[in-house]
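Please walk through this model with me, element by element, and keep the structure open beside the text as you read.

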Amino acid sequence: MTTDFLIIGAGFAGLSAAARLSHLGHVTVLEAEEAVGYHASGRSAALFEESYGLPATIALNRASRAFHEAAGVLSPRGFMVVGKADEQAAYEHDTAAMGLTPISPEAARQMVPVLDPAKVAFAAHSDAAQDIDTDKLLQTYAREAKTNGQVVTGARVTAITRVAEGWQVETSAGRFEGRILINAAGAWVDQVARMAGIAPLGVTPLRRSMARIPAPGGHDVAHWPMLFGPGETWYAKPDAGAVLVSPADEDPAEPHDAWADDMVLAEGLARYEEMVSEPVTRLLASWAGLRTFAPDRCLVIGFAPEESGFFWCAGQGGYGVQTSPAASRLVADLIGGTAPELDAAEVAALSPARFG
């Protein structure tokens, strides 16, 4: 059977695109791993913050809010930047860029009592940021996609051939054929492009490490906001009675099943510890994911300029979860020939043609 839309990658980019495209034709999603959302999609800090990212990303964020609310995947979290006396410039930049409200260090400690009054010189807060239930959102997309299609796991792509009817893709689970090929392979998007004879974008997978630690001092952390160091030098986020801490690292890496670098993680934990009164005594778990960026750090959504049957859905970076409703809507609009919700300048900022 030749499917209408053959999608490589079953993370948020691929599954959300499949959900939208299932209304336009039959979809087949090919995933190399044995489960969907295995790599970056399953290792996200999962925060919805409209003002996070470059202008085109912010446009996608804003256009995604209504879908997230209707899907019931958002819950209150809040967002706070805290800085030391020598971090004022970076603190002021973040406060202005993200529309945060400056608050006193004392007010910050009322929300997060473990903040060290001897270290926190500046604080700013927003209650607009919300948690995203990533599992519920991913399964929402998967269910919709399967109404007119299939998701095949354990299907690692080994060869791609252009044929008269579209594309022929060889995988470890067999051969699949599709009219339009959508490349949503995350850190592997350039490898997929090369197999298809398409010029790569020059994307860079960047490792992001994470540690899960016990709630500091035995506090109930459920209502604490997410904490960021100025310039995103570290962050901490409550998670099911514990706290996730990341050094916010961006170390270039080859596409692989990433793991945390112990030294990088230790440095990030030290930056977090410097701002709080409770030491980190043990880790509950640690991991890493690859956040993949195009050269200009904007998402890439659109047909390859040199091949009308090959569609890029790439470079989600750290924004793939929260932008997925609007990004996938744009995928369906461009493939289906419908006028996009985004304006022309925003669509152009996301198009792969910008690299030509």
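The axes of helix H5 (residues 134-146) and H8 come within 11 Å and cross at roughly 30°, where axes are lines fitted to C-alpha atoms, for helices over the stretch in contact, and angles run from 0 to 180 degrees between N-to-C directions. H5 and H8 are therefore roughly parallel to each other, given that angles under 35 degrees count as roughly parallel, over 145 as roughly antiparallel, 65 to 115 as roughly perpendicular and the rest as oblique. On the H5 side the contact (heavy atoms within 4.5 Å) is made by Thr134, Leu137 and Tyr141, and on the H8 side by Val321, Ser324 and Pro325. By class, the residues of this contact of H5 with H8 are four nonpolar, two polar and no charged, where Ala, Val, Leu, Ile, Met, Phe, Trp, Tyr, Cys and Pro count as nonpolar, Asp, Glu, Lys and Arg as charged, and the others, Gly among them, as polar.

All of this is read from a predicted model, in which local features need pLDDT of at least 70 and side-chain atom pairs count only at pLDDT 80 or more, while totals for chains, interfaces and linings use all residues. Residues are numbered from 1 along each chain as its sequence is written, and side-chain values use heavy atoms, with hydrogens and water left out. Helices (H or I, at least four residues) and strands (E, at least two) are DSSP runs, numbered from the N terminus.

Helix H8 (residues 320-336) also meets helix H2 (residues 55-71), their axes coming within 7 Å and crossing at roughly 80°. H2 is therefore roughly perpendicular to H8. From H2 the contact draws on Thr57, Leu60, Asn61, Ala63, Ser64, Phe67 and His68, and from H8 on Val321, Gln322, Thr323, Ser324, Pro325, Ala326 and Ala327.

The buried residues of H1 are Phe12, Ala13, Gly14, Leu15, Ser16, Ala17, Ala18, Ala19 and Leu21.

Strand S13 (residues 204-214) is likewise largely enclosed by the rest of the structure, because eight of its 11 residues are buried. Strands of a sheet pair through backbone hydrogen bonds, either parallel or antiparallel, and two strands are taken to pair here if DSSP finds at least two bridges between them. S13 runs antiparallel to S18, to which nine bridges join it, and the bridge partner of Leu206 in S18 is Arg291. S13 also pairs in the antiparallel sense with strand S17 (residues 251-252) over two bridges, where Arg207 stands opposite Asp251. Four bridges join S13 to S16, again antiparallel, with Ala242 of S16 as the bridge partner of Pro214.

Elsewhere, three strands form an open sheet in the order S3-S8-S4, with antiparallel pairing. Strand S3 (47-48) and strand S4 (74-76) stand at the edges, each with a single partner strand, so one side of each is left without a neighbour in the sheet. S4 and strand S8 (residues 130-132) are joined by three bridges, and Ser75 stands opposite Asp131 in S8.

The loops deserve a separate look. Most residues other than glycine have a negative phi. Ala240, although not a glycine, has a positive phi of about 50°; Ala240 lies in the loop between strand S15 (235-239) and strand S16 (242-246), and at 75% relative accessibility Ala240 counts as exposed. Arg297 has a positive phi near 65° and sits in the loop between strand S18 (285-293) and strand S19 (300-304), where Arg297 is partly exposed with a relative accessible area of 33%. Lys84, in the loop between strand S5 (79-83) and helix H3 (88-97), counts as buried at 17% relative accessibility. Leaving aside neighbours within four places in sequence, Lys84 is in contact with Lys119, Ala121, Phe122, Glu274 and Met275.

Definitions and conventions. Buried < 20%, exposed > 50% of the residue type's maximum accessible area, 1.4 Å probe, protein only.
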